[in-house]
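I opened this notebook to record what I looked up in the structure, one entry at a time.

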Amino acid sequence: LLIFVVATGDFLGHWWWALLAGGLLLAAGVKARLERPEVRARWDARVLRWPLVGGLVARVETARLARTLATLLGNGLPLLQALDLAREVVGNQAIAAALAQVSEEMRRGRGLADPLAEAEVLPPLALQMIRVGEESGDLAPMLHKVADTFDRQTRNAIARLLALLEPVLIIGLGLLVAGIIISILVAVLDANRLLL
């Protein structure tokens, strides 16, 4: 283990610039690839299926969409036009594509809640609240409640993730330090055996 630690330190000392350049090139390549719409849409759809992160992204996008849509409706815009404008603030392309399909369904005479439920991109609680708001005729106030609810859920989820991350980092660093100490002790004991 000591040889591994020394070899890693030696490698980083001599080749740090190559690692930095490789990391920058990799980041630039990923960024360029994600600028292509079809790649970005596939990536965003995959992100929504990730454990922990997918739910968090869905909550953030739901809160953003609901707040924008509520503001536009509150200012007197028709629902279809408001949805088309609110779709522009959604950062996840998979959700934006689903909202474009919802707009098409609404142009055919359907309401908002059913096409959103069929799209399956928003959390079930948001869909239920939107359905209640649409059926009661108070969609804008209900969308504000959806935004507030999912903002609160996002804050709670981030706090839980950070609380989970802290012990994981402590355990990981502890294992790393323990590994280095053990490798040094093993090297010292081997040196003592050679002297005897």
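**Charged pairs and overall fold**

I began with Arg107, which counts as partly exposed at 47% relative accessibility. I note here that I am working on a predicted model.

I then looked for the partner of Arg107 and found that its side chain meets that of Asp84 in a salt bridge, with 2.8 Å from N to O. Asp84 belongs to helix 4 (residues 79-86) and Arg107 to helix 5 (residues 93-107), so this pair ties together parts that are 23 residues apart in sequence.

Next I asked how many salt bridges a search of the whole structure finds. The search returns 13 of them, and I went through two further examples.

Are the two partners buried or exposed? Asp44 is buried, because its relative accessible area of 6% falls under the 20% cut-off, whereas Arg40 counts as partly exposed at 29% relative accessibility.

The second example was Lys31, which forms a salt bridge with Glu35 at 3.1 Å between the closest N and O atoms. Here I recorded Lys31 as exposed at 52% relative accessibility, and Glu35 likewise as exposed at 55%.

For the charges taken together, I noted that the protein chain has 20 positive and 19 negative side chains, and that the centres of the two sets lie 3 Å apart.

I turned to the fold and counted 8 helices and 0 strands in the protein chain, so that the elements run α-α-α-α-α-α-α-α from the N terminus on. The radius of gyration of the protein chain is 26 Å, well over the 16 Å that the globule rule gives for 196 residues, so the chain is more spread out than a compact globule. I also wrote down the span of the C-alpha trace along its principal axes, which is about 90 × 35 × 25 Å.

My last entry concerns burial, contacts and surface. Buried residues make up 28% of the 196 residues in the protein chain. Of the contacts between residues at least 6 apart in sequence, 52% join residues at least 24 apart. The accessible surface of the protein chain comes to about 12700 Å², and 68% of it belongs to carbon and sulfur atoms.

Note on methods. Residues are numbered from 1 along each chain as its sequence is written. This is a predicted model: local features need pLDDT of at least 70, side-chain atom pairs count only at pLDDT 80 or more; totals for chains, interfaces and linings use all residues. Side-chain values use heavy atoms; hydrogens and water are left out. Helices (H or I, at least four residues) and strands (E, at least two) are DSSP runs, numbered from the N terminus. The radius of gyration is taken over C-alpha atoms; the globule rule is 2.2 Å times the number of residues to the power 0.38. Buried means under 20% relative accessible area, exposed over 50%, partly exposed in between (1.4 Å probe, protein chains only). Contact means heavy atoms within 4.5 Å. Accessible areas come from the Shrake-Rupley method with a 1.4 Å probe; for residues, only the protein chains shown count as cover. Lys and Arg count as positive and Asp and Glu as negative; His and the chain ends are not counted. The place of a charge is taken as NZ of Lys, CZ of Arg, CG of Asp or CD of Glu. A salt bridge is a side-chain nitrogen of Lys or Arg within 4 Å of a carboxyl oxygen of Asp or Glu.
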